[in-house]
Amino acid sequence: MTDTSSTRPGEGEAPALRKSRLHRLMRYIPLIAPVLLWAVPCWVLLHSGQHWPLPVSLTGTALFALGLIGMPLAMARGHGRRQQDRAAITGDTLLGASWVLFTWSVLLGVLLRPALAVAGVGESQDRARIVAWAVLGVTAVLLAWGYAEARRVPRVRRLDVRLPRLGPGLDGLRVVLITDTHYGPLDRARWSARVCETVNTLQADLVCHTGDIADGTAERRRAQAAPLGAVRATRARVYVTGNHEYYSEAQGWVDLMDELGWEPLRNRHLLLERGGDTLVVAGVDDVTAESSGLAGHRAHLAGALHGVDPGLPVLLLAHQPKFVDRAAAAGVDLQLSGHTHGGQIWPFHHLVRIDQPVVAGLSRHGSRTLLYTSRGTGFWGPPFRVFAPSEITLLVLRTHLPTSP
């Protein structure tokens, strides 16, 4: 008889070893990523066969080197202990610009140059220069358009959502979702007021903010957040924390939202009644709350639903879409989330999918639970949105979806 007991620990060690190596590799990403973001475009634009005049090559290389050094330094000053807004704006803008430049350097370097060769366009140097100018042109257009997209008031996205357990008295309930406003280094007080004016045109019964109000403390960003106090809803205005609140004294944001007339749903619920029927509106702290070390903050779904009649439909606010696994296990009817920004700058959504089950839109999880993931109302960091438009969402809850004429 063969004794296999001695081999079993080795079988379990392989996945653990791979996981340990992955964690070690992740530590180096903050060092590797900036180098790639600046070195790849530098090579594609200047050193891959273009044969630019020496002053052009030297000047261009110096600018890329300056970006590589300056971007991390500016971001450290802007988002570290010093919290210098001008440095944050510079670092964030360089991050967004380098990401777009990197993306299109790779895509056009890989796709356009061979296509030009197959088409018999010029010599190798001519093709290399065409690629370089194409990368610069596409990047400039996308950054200008992306900046305008990030700074505008979001368009309203309206959709009907059928909840089979919703009572007829609640049919047509209007729920407005805003999220990820990310008030920050760029002063957006006027933008904030216009967003709230748009929300007020939607005649909402319930207005929800699913977190990431700002980057910075409530005291520091109060002026930008103040217009939220003017938001109107016939029934309630409710709020849950996002992960960015836990970088910036989350309790201060909870207190400010309470002061502005919003009801923070910190692992608790309220009952919304209309026409003799009841909807449970519940909320949980962000999943990062417990690791923040802030007393009393954690995502606790059981606490949020404590005492709820199991026959009532439940609308849950949770900042991150990945909370939906717990929501589905608890029989929640609809979860509203943000966090992903829809990727914000294409093709970053592919990286978001590593961490989150959904990037944007309405999705089903399990037999009952629907999840709506907003692309966000504002933007984080780089002041650009490329192929990921912001939104204010109007969800009309239905017992039955209206039939097409």
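Let's start with Thr-278, which touches Leu-170, Leu-271, Leu-272, Glu-273, Leu-312 and Pro-313 once residues up to four places away in sequence are set aside; a contact here means heavy atoms within 4.5 Å. Thr-278 sits in strand β7 (residues 277-283), and with a relative accessible area of 17% it is buried. Buried stands for under 20% relative accessible area, exposed for over 50%, and partly exposed for what lies in between, using a 1.4 Å probe and protein chains only.

A word on what you're looking at: this is a predicted model, where local features need pLDDT of at least 70 and side-chain atom pairs count only at pLDDT 80 or more, while totals for chains, interfaces and linings use all residues. Residues are numbered from 1 along each chain as its sequence is written, and side-chain values use heavy atoms, with hydrogens and water left out.

Now zoom out. The protein chain has 11 helices and 12 strands; these are DSSP runs numbered from the N terminus, with helices being H or I of at least four residues and strands E of at least two. Along the principal axes, the C-alpha atoms fill a box of roughly 80 × 75 × 55 Å. Of the 405 residues, 49% are buried. Take the contacts with a separation of 6 or more, and 74% of them come from residues 24 or more positions apart.

Next, the helices α4 and α5. Helix α4 covers residues 85-118, and its axis comes within 8 Å of that of α5, crossing at roughly 145 degrees. Axes are lines fitted to C-alpha atoms, for helices over the stretch in contact, and the angles run from 0 to 180 degrees between N-to-C directions. The crossing of α4 and α5 is right-handed, meaning that the near helix is turned clockwise from the far one by less than a right angle, with anticlockwise being left-handed. On the α4 side the contact includes Val-100, Leu-101, Trp-104 and Leu-108, and on the α5 side it includes Val-131, Val-135, Val-138 and Leu-142. Sorted by class, there are 16 nonpolar, four polar and two charged residues in this contact. In that sorting, Ala, Val, Leu, Ile, Met, Phe, Trp, Tyr, Cys and Pro are nonpolar, Asp, Glu, Lys and Arg are charged, and the others, Gly among them, are polar.

Helix α5 (residues 124-151) also holds Ser-124, which is partly exposed at 46% relative accessibility.

Beyond its neighbours within four places in sequence, Trp-262 is in contact with residues including Ile-178, Val-207, Leu-228, Val-231, Tyr-239 and Met-257.

Helices α7 and α8 also meet each other: their axes come within 10 Å and cross at roughly 35 degrees. The contact is made by Ala-218, Arg-221, Arg-222 and Ala-225 of α7 and Gly-252, Trp-253, Leu-256 and Glu-259 of α8. By class, that is four nonpolar, one polar and three charged residues. The crossing of α7 and α8 is right-handed.

Thr-179 is in the loop between β2 and α6, and it is buried, with a relative accessible area of 0%. Its side chain makes a polar contact with the side chain of Thr-210 at 2.7 Å; a polar contact is a pair of N or O atoms within 3.5 Å, where within protein one must be able to donate a hydrogen and the other to accept it, and residues adjacent in sequence count only if both atoms are side-chain atoms.

Finally, some backbone details. The peptide bond from Trp-346 to Pro-347 is cis, with omega near 5 degrees, and Pro-347 lies in the loop between β9 (334-337) and α11 (349-355). His-51, a residue other than glycine, has a positive phi near 55 degrees, and with a relative accessible area of 59% it is exposed.
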